[in-house]
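Student: I have a new model open on my screen. Could you help me learn to read it?

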Amino acid sequence: MRKIILFSVILLISFLFVSCSKKEDKKIIEFWTLQLSPTFDKYFNELIDKYEKDHPAFDIVWIDIPYDAAIQKLLASAAAGNAPDVVNLSSDFLAKFAGMNALADLSEFMPNDSFNIFLPNALDNCIYNKKIVGLPWYLNTYVLIYNKDFFKNAGLTQADIPRTFSELVDITKKYKDNSGKYALFWNIGKDSYLPMMLGSEGVEMTDSLMTKAMFNSSEGIAFIDKWVQLYKDGYLQSESIIKPGSTIIEAYQSGQVAMVFTGPVFLRRVKDNALSIYSNTDVAPAVVGKTGKHELAAMSISVMNSSQHKKEAVDFAFYVTNSENQIAFSKIETTYPSTIVALNDPFFTIDDGTLETKARIIGAKELFDAVRLRKYLEHPQFDKLRDAFDEAIQKACLGKVTTKEALDEAADKWNKILAHPNPSQRDGL
Amino acid sequence: MKRKFGTSFFILIIILIFAAAALFPFLWLLGTSFKGAEELFSYPPKLIPQNFVTENYTGVWNAVPFELYFLNSLIVVIVTVILNVLISSLAGFALARLKFKGKEFLFVLVLAAIMIPKELIIIPLYTTVLKLGLADTLMGVILPFAVEGFAIFMMRQAFLAIPADLEEAARIDGCSFFKIWWNIMLPITKPTIAVLSIFTFIGTWGDFLWPMIVLKSQSNFTLQVGLSYMMGTFVNNYRYVAAGSVLAVIPVILVFVFAQKYFEKGIMAGIGK
Amino acid sequence: MKTKYAYFFLLPTILLLSVFYFLPTIQVFYFSLLDYNVFGENEFNGLSNYLRLFNDPNFWYAILNSGIFILVTPILMFLSLMLALVVRETSSTIKLFRSIFFLPVVTPIVIVGIIWRYIFSEDIGLMNYLLSLFSFSSVPWLTEYPTNLFSIMIVTVWRGFGYYMMIFLAGLAVIPKELEEASRIDGAGRIHRVFYIIVPMLKPTLILIFVLSSTAAIKIFTELYIMIPGTPDSNKTLVYFMYKQAFENFDFGYGSAAGVIIFILTMGFSYINIKLMEER
């Protein structure tokens, strides 16, 4: 008997934890961001306070979610009818969500010229099926981060810093031949970087209408084969074919490689985690191909179709992405704003001698020539396309088939997917 | 005599190898949490820091509202363990020792609960939790997992191992089932209850996904959720993460050590009365 | 003893499990019949998701790989029983070993990944280094299939032996001391004692561990996700397949269908085994 009482008491106490619903007169706009806390806590609190003062009828609720659970949390909330109004998405998520009709077409809410403030290539990143499904927010591009000391020890000088892809291949070989260590880490087999290289080199992955794969052209095969050979000859780490791109900076900061291509924002991580490597680090512009185009990585802000306050949400989205706020954002960590005015701010052109500033300036210059090189991302089944390509590279590198065979097989898969976007119609793909 | 020494020695070596393998990653974690920025990554990984620093601990403690997250986790874990142990030992007892209609069916249901892939049901589960008004509450974190299939199964097996005559004797004495359960069965299964408590503690304490999905307000965050913010593009200080992980694992180790006394041999010996 | 009171014992369980486990499960079953789009329009698909699964080579690979993982179970059961027998003494040094063996269970998974990826690294890892000392050539522990599965199995065994050791300890603690004493006085050797006295008394525990371990083996996911996310889909297991479809490809209906199959497979496997083992 006593135990039943105890049990009920426990249950009663637990109801203390049930949140009481508050009666709100204000309209609530929920704004979700991806892993920006605690770095940007102060920034967002100030940003939001200011907006709420100017728009007293609204209450902005800011929720930041870590990458690890981002997709589950978004899906769970959407399924429960509890999705945010305004959401920060990476380009992968944006492509997926756009394909699922989750996002509002912003051009329905604002006149067309309001979008002119953005860098055209950045805005392009947010257009799917002729709808503007997001506003480009903070951008990133790649620079070459290298270890001066390691270079010197391998008998290399500033003049050896690669500028083209063939120079990059040569230097990768020379470095290992001279020093016995790996020159470069680049993920070629998972979320492979090769499509970006191909894009920059001007080798088309598909035809312009995206109906047929073209990366197995003789040009494409030749280009890719150089990297497959590098791997087979032992110039790239064995795990390069299975390690994801998120581990790029790890290889560098642990001193395993002498150079990596990644965003300037990662210099901070090297500084935090490997001071000795950091003090030997220098930056240079990223390697580009014949087109001279750099890769553009963009975070964006979208409004969900499920929002009850779409017009106000769009207004808030424009507020977050305005030049003034974006410049302030970029001053906290090395990212780039997406508006033309902001990118021309002296912050991105005046050198103060520090490594971060040098990297920032290099990246900023590159951004004007940056496009989303992976055009296939626009396809709703881009993840399957990417998988097929990745697997081809892995097979070729492991020597199971020749590069041509691997790419031909992948091209077949691509053609099947490109012909039938609806998965139920494609057996086993 | 000689042969016995040989096998003992052999066993000792095996034990030591296992112990070393078990210890290594944890020691590396511990060492990393005391390392300074200059010496984080080395291959092969170095266990002992060159310079002992404590700044990682103070750093992570101040980077996030550590005490708050810790407290939230503590509340969640304690309530979950109590509920889980009570409910599953009630159910386990019934499934092991009582006869009733639908017993086999209920056992199958309990088994089914173990098999369900958690990652998938989490999506519709959130909808249910939202509709019950439990979203963004600690109770919303606790209640769905207040009882687990494997806990019931574990208790059932534990009760099955107890000889039936013990119960017969009590029944003859006129005890109600509840009294039998509370006064006789539970004390005997103390070791299993201890293990269940430890496992529930670890599982709940380390759970990240479900609290992440249910909670929105920072004031409700549990420790694992809070720590996940330490690894991102802009903030990724491995030493802080290491220190945070060590702090997070200390309560688990304490619980484990405390529960050891329930494993002494021969607990059954005194029960014969 | 037939009694109606049993239902009171089971009431909280039935309540909680129904609302929080079975209700969502039924919903997932339902999703598996749809072309499910969380953001809007759902199209009823009938069994076409299942048909697609049937035709998907990666799904069959996943079944194969999950099946291979079940091999971990007998290894784990044996190892953890042996360890439990060693650490059941009450001396303080022995108790220390209990804690040490349990550490892999509580070591954060991120750390597990970092260390074991290092150990299995083809170029600079500990395993290949040890092999080179004996003049063996390097093994591609993570990049080649099926070697990478075995590497993950090693990690799984490492993570698990402490866990199951604890369950065995609990089971052993309930064995009456007198029984063991009696057999020792009778002159029975240690091995004889183990197999003829202890193991039979551990039957419920053995069944428990078998079911838990084999289920966990079929459903293995986290270790693969941490160690080898970049390998092709044909190297992955069932839950990874399900996760990828649902949360990376956003194909939630298809992922749900995979989940349903996983549920049926694990349920069938466990139930059959329990029935078999409880008969003997």
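**Reading a strand and an interface**

Tutor: Strands (at least two residues) and helices (H or I, at least four) are DSSP runs numbered from the N terminus. This is a predicted model, where local features need pLDDT of at least 70, side-chain atom pairs count only at pLDDT 80 or more, and totals for chains, interfaces and linings use all residues. Residues are numbered from 1 along each chain as written, chains are lettered from A in the order written, and side-chain values use heavy atoms, without hydrogens and water.

Student: Which strands pair with E3(A) in the parallel and the antiparallel sense?

Tutor: Two strands pair if DSSP finds at least two bridges between them. Strand E1 (residues 27–34) of chain A pairs with E3(A) in the parallel sense over two bridges, and Trp32(A) stands opposite Val87(A). Strand E12 (residues 297–303) of chain A pairs with E3(A) in the antiparallel sense over four bridges, with Ser300(A) as the bridge partner of Leu89(A).

Student: How many residues of chain B and chain C are in contact?

Tutor: Contact means heavy atoms within 4.5 Å. Here 90 residues of chain B touch 86 residues of chain C.

Student: And how many salt bridges are there between chain B and chain C?

Tutor: A salt bridge is a side-chain nitrogen of Lys or Arg within 4 Å of a carboxyl oxygen of Asp or Glu. There are two between these chains, including Arg156(B) with Glu278(C) at 3.1 Å, N to O.
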